[in-house]
Amino acid sequence: MVKLSDLALFYKAKNIQSGCPTCGKSSWVLADAPDEQTAWSLASVREDGNAVFPSPSVPVIAMVCDHCYTLRTHASLPIREWLKANKA
Ligand SMILES: [Zn+2]
């Protein structure tokens, strides 16, 4: 599970601006996953309307602006790999 302090290291190293694109504040809260065995993901949908279960998906780190509730996501797998390689 990626923590906000881990993301702060990643943001600093990559020179990522932390301001919310909607309100400009920099107060983010990690969106709580349903449980410790479950992560958020962006699910795919078929363009023909048919369902595939489980649908292919991209695991994400989901954050919510603590001021205006804008949702921000990052692909979690490359960030986890970056943290493994770069976290002291
Ligand atoms: Zn905001």
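The model is a predicted one, in which local features need pLDDT of at least 70 and side-chain atom pairs count only at pLDDT 80 or more, while totals for chains, interfaces and linings use all residues. Residues are numbered from 1 along each chain as its sequence is written.

Strands here are DSSP runs (E, at least two residues) numbered from the N terminus, and two of them pair if DSSP finds at least two bridges between them. Another pair to pick is alanine 62 with its bridge partner in E4, threonine 73.

Next, go to tyrosine 69, which takes a positive phi near 70 degrees in the hairpin of E3 and E4, where 5 residues stand between the strands.

Then select residues 41-43, strand E2, which pairs with E3 over 3 bridges, again antiparallel; leucine 42 has valine 58 in E3 as its bridge partner.

Finish at strand E1, residues 28-30, which runs antiparallel to E3 (residues 57-65) and is joined to it by 3 bridges, with tryptophan 28 partnered by cysteine 65 of E3.

Terms used
Helices (H or I, at least four residues) and strands (E, at least two) are DSSP runs, numbered from the N terminus.
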